[in-house]
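Please open the model in your viewer and keep the sequence panel beside it, so that each selection can be followed in both places. The tour moves from one selection to the next.

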Amino acid sequence: MLLTAFGCAREASKPVTANQPPELSSNVDRPEETKLDQKTSLENLDKDHELKAYAGATETTGEVFKRGDGGTKFVVEFTTKDDSKKVTEFYKKELGDGKTDAKGIGTSMGMTKANGSVIVIAEPAGTGAKVKVTLISYTKS
């Protein structure tokens, strides 16, 4: 007896990216962004979006982008002498979610009281941590 299967071809499987921070996942929809000629800071995120600044942070960059979906993205990178676990615990208290993996990479996610969507990624760096805060907000109509 000969059996023939029709339409049973399988696509090569794609790598699974589950359980990664959204910024590192290939499954996240990424609208077009335009970098604006303005700067931001942890102080601005605190004042304008109610996300507490991390004490003892040394800022390295603060950029602003206009997104194709109508939002504005604020990205602040900083270093600290504190380890990534301590930074992640701080932002977990602020945002309601956070964990650190076996490599010491911490991820915190949530919303600010001013409805800003935030992702914080803290990576070990020497005797401290390198941190990237990404906050996306939408103007209320």
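This is a predicted model: local features need pLDDT of at least 70, side-chain atom pairs count only at pLDDT 80 or more; totals for chains, interfaces and linings use all residues.

**The nonpolar core**

Begin with Leu-51, Tyr-91, Val-131 and Val-133, which touch the most other members of the largest nonpolar core, a group of 18 residues. Strand S7 gives the largest share, with four residues.

Now centre the view on Leu-51 and show what surrounds it. Leaving aside residues up to four places away in sequence, Leu-51 touches a set of residues that includes Leu-42, Leu-45, Tyr-91, Leu-95, Val-133 and Leu-135. Asp-46 and Thr-112 are also among the residues that Leu-51 touches.

**Two loop residues**

Next select Glu-50, which lies in the loop between H1 and strand S2 (58–67). Its phi angle is near 60°, a positive value in a residue other than glycine. Glu-50 counts as partly exposed, because its relative accessibility is 41%.

Move on to Asn-115, in the loop between strand S5 (106–111) and S6. Here too phi is positive in a residue other than glycine, with a value near 65°, and Asn-115 is partly exposed at a relative accessible area of 43%.

**Salt bridges**

Side chains of opposite charge can pair when their charged atoms come close. How many salt bridges does a search of the whole structure find? The search finds six.

Select Glu-33 and Arg-67, whose side chains meet in a salt bridge at 3.6 Å, N to O. Because Arg-67 lies in strand S2 and Glu-33 in strand S1 (residues 33–39), this pair ties together parts that are 34 residues apart in sequence. Is Arg-67 buried or exposed? Arg-67 counts as buried, at 13% relative accessibility, whereas Glu-33 is partly exposed, at 32%.

Lys-73 is buried, with a relative accessible area of 15%.

Finally, select Glu-94 and Lys-52, which meet in a salt bridge at 3.9 Å, N to O. Glu-94 is in helix H2 and Lys-52 in the loop between H1 and S2, 42 residues apart. To finish, display Glu-33, Arg-67, Asp-69 and Lys-73 together, as salt bridges that share partners join them into one network.

Conventions
Residues are numbered from 1 along each chain as its sequence is written. Side-chain values use heavy atoms; hydrogens and water are left out. A nonpolar core is a set of buried Ala, Val, Leu, Ile, Met, Phe, Trp, Tyr and Cys residues joined through side-chain atoms within 4.5 Å. Buried means under 20% relative accessible area, exposed over 50%, partly exposed in between (1.4 Å probe, protein chains only). Contact means heavy atoms within 4.5 Å. A salt bridge is a side-chain nitrogen of Lys or Arg within 4 Å of a carboxyl oxygen of Asp or Glu.
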